[in-house]
Every structure is written in structure tokens, then in C-alpha cells.
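Colleague: Could you give me a close look at a single part of this model, and then connect that part to the rest? I'd be glad of the cut-offs as you go.

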Amino acid sequence: MDNENESIQYDCFRGCTVEIDEKTGAAEVNYRPGCCKLEVYDYLKGISQEQFNSYFEVRFKNTRKGIYFNASGQSIKTGDLVVVEAQNGHDLGIVTLEGPIVGRQMKCRGVDPETQELRKIYRKARPFDIQRWQEAIAREQETMIRARVLANNLGLEMKIGDVEFQGDGTKAIFYYIADGRVDFRQLIKDFAEEFHIRVEMKQIGARQEAGLIGGLGVCGRELCCANYITEFKSISTSAARVQDLSLNPQKLAGQCGKLKCCLNYEVAAYMDAQSRIPKVVEPLEFEDGLAYLVKTDILAQTLYFSYEKGSLTNVYPLSADEVRDIQEMNRRGERPETLKNDDIPTPEFITAVGDDSISRFDPERKKRRRKSGRGRNRKNQSK
């Protein structure tokens, strides 16, 4: 079993496994559904609609996918390797969806087969096509390293993030990252002369690069950009301010160096909660002094006040409704007796001292009680 597992290679960039036959040297490629960023669950599996029988979703490297029309006349199903039409030559991809679910994907992407001419599926991939495809894939890493050297020699302020070869090995897409505009006309000539292929340049952002590389976030889960995010929306520090987060760049930045995408997830909930919290511009007036706002729990709709301005000692909580009532009393010239109330619990602060101890998970050992020497001597004398 171990030898069989060692012979299988996992290509997570294309969502498949590759196994090389030692006798013939042929490559056997199988589709691996769980290894796909934009995997779509086919909840319409088993349902047939004739109008979508000829349309298939084909996946290539990383997040590149497309809807293709089956012009081969062959019976094609999910997981088949197919040779498809490309802008120049042909490409090879894996069928990831079939049936009426493809119609939902076409509607989601705004693809209308009546007004747009879809590219065709020529045929199922043959062993020769697969072998040529694997040879092109094997060149990608070496090509990317060499491409970075050529770009550096020209002094271009850009970074080659990834390289994707076409299935026939005659063309490659170079994904690059750059802050500004780059004149890479000479670079394309150098690439074509060095690698003897047609060259296509595609600019990607830092977030897209993190999605291509992948990894784990501080939450312990896979990066959102590597898991499901396809459209990257702008993120500003105002999203952190709304959630009352500390404006610490090291904590707010993700692995891409930009603000974390998850900062936008709960902004709407916090804004809705903030709309129900009264604005406290001036301190609340009580008979025993002024109470200053020192902290706000937005989701719990609780405001914490203290008689000492800017101090977190002797803090007393008030609900949003109570604060609104006190503000109305202050406008009428009335003052409540005091902020101090024994019935209102003060906030509890839990210390984290000792949580980083390595032995905190070890079971507690019972201490054995050792008998003193005097007791033994008394027993011996009694005998």
C-alpha cells in the first residue's frame, strides 16, 4: 500500500491525481473533486434536461474555468479529460460539471449560448495528449524561475507569480504582480526567444497571488482567497473602526500584506447594531458626579462608564436603553442619583496567565503521603 501511495502524485493546482505506469511510462490522470477552489456541488445530479446535454464546465489550472460546447459527438461525463479549443492551438482540461447545473452556472456568469459563441470540445484526451500535457506541466516551475531572472535583468518592477502552460505546450500564461504600469514588450521577446513558445501576460493582485499559493490563516482555516473568494472587494480601515478593532497593522494584515478580507464579513451586522446604540458625546450627569464613556460592547449593546475620565477602574455597565433614558433626563435638567448599583454586575476580566504552559494538558498527579520516621519507630517499639 505504501509503494502504491508513493507512486501517486497530487496536482492540487488542477484538481487531479497523476500515476505513472513503471512499465509503459504512461500517465494515468484521475479527477479529484475535493481539490478544487471553485468546486460546485451538483445538487441537480441525476436530473436530465436536453437543452444542457451538450454544455460542460471544464477546469484548467488554479481558478481558470470555462463553459464549452461538446462538438465531438462522444459521450462525456464529469471527470473526463478533454481536448478543447483554444485561441491558438488546443488545450487540455478536466470536465467538472455536466447537466442542468451547467445552465445555472452559465446564468450566474452571464453566458448566453444564443448570443455568444462558445468554444468547442474536440474529443476525449488520448494517451498521447495526456503525455504531452504532463511534459508541459513539468516545465512550469523551471520556466517560472528563469522568467523571474529575465525580468530582473531588465530591471522591471514586477514579479512573476505563476506560469501555466497550454495543453499542447505551444503557449504559456505568465501571471505577474506589479504596483504600476510595466512596459514588458522586450520581456515578451526574451520569453519567446528563451522558451520558444507564445506568451500571454496576465496581471494579478497580491490577494490573487495569495489565493494561488494558498495557506492557513491565523484562524486555523484555509485562506478565504484560496478557498472560495473570486471577486476581491476593496477593504479599508473603516471596517476595523466600525467593529471597534485595534488598528494594529500586524493583526489586521493578511498573508498577502493587505487588509484581511474577513474584515468585511461582519461590517453590516456591526453597523446595524450601532444604529441602535445612542451617541454619547458628553458625559452623563449624576448627582454624585460625571460619568465618562470608556468602552462599548456593540453586539451586546452595553456601554461602560467610569467616574474617572479615561480610566478602566471602577467601570459600571449600562444598557443602550438606560443610557438613552439618562440622556433624556439630562436634557430636562434632571440627574439620576448615582451610577453605582449593586444589582448591576461589573465586567469580569479573565486572566490568561498560565494558558501558554506546555504542561497544562497533563493530568494531575496525586501526591503520595510519606509516613514519618517517628511513626515507624513507635510501631517497632510496640512490637
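Modeller: Happy to. Let's start at A138, which is found in helix α3, spanning residues 127–138. Helices here are DSSP runs of H or I with at least four residues, strands are E runs of at least two, and both are numbered from the N terminus. With a relative accessible area of 60%, A138 is exposed; the classes are buried under 20%, exposed over 50% and partly exposed in between, with a 1.4 Å probe and protein chains only. The C-alpha atom of A138 is separated by 9.4 Å from that of F165, and the two residues are 27 apart along the chain.

Before going on, a word on the ground rules. This is a predicted model, so local features need pLDDT of at least 70 and side-chain atom pairs count only at pLDDT 80 or more, while totals for chains, interfaces and linings use all residues. Residues are numbered from 1 along each chain as its sequence is written, and side-chain values use heavy atoms, with hydrogens and water left out.

Helix α3 also holds D129, whose side chain meets that of R123 in a salt bridge at 2.8 Å, N to O. By salt bridge I mean a side-chain nitrogen of Lys or Arg within 4 Å of a carboxyl oxygen of Asp or Glu. D129 counts as buried at 7% relative accessibility, whereas R123, at 22%, counts as partly exposed.

The structure holds 20 salt bridges. Another of them joins E140 to R14, with the closest N and O atoms 2.6 Å apart. Because E140 lies in helix α4 (residues 140–153) and R14 in the loop between β1 (8–11) and β2 (16–20), this pair ties together parts that are 126 residues apart in sequence. Both E140 and R14 are buried. They also belong to a network of salt bridges that links D11, R14, K61, E140 and D162.

What about E209 and K159? Their side chains meet in a salt bridge as well, at 2.7 Å from N to O. E209 sits in helix α6 (residues 206–213) and K159 in strand β9 (residues 159–165), so here the parts tied together are 50 residues apart in sequence. E209 is buried at 13% relative accessible area, while K159 is partly exposed at 39%.

Next, the sheet. Five strands form a closed barrel in the order β4-β5-β8-β6-β7, with mixed pairing. Neighbouring strands of this sheet are turned by 55 degrees against each other on average, direction ignored.

Helix α10 (residues 267–274) has V267, Y270 and A273 buried. They cover an arc of only 130 degrees around the axis, which puts them on the same side of α10. The cover over the buried residues of α10 includes α8 (238–242).

Finally, the whole chain: there are 12 helices and 15 strands, and buried residues make up 37% of its 383 residues. Of the contacts (heavy atoms within 4.5 Å) with a separation of 6 or more, 58% are between residues 24 or more positions apart.

Methods
Two strands pair if DSSP finds at least two bridges between them. Axes are lines fitted to C-alpha atoms, for helices over the stretch in contact, and angles run from 0 to 180 degrees between N-to-C directions. The arc is that of the directions from the helix axis to the C-beta atoms.
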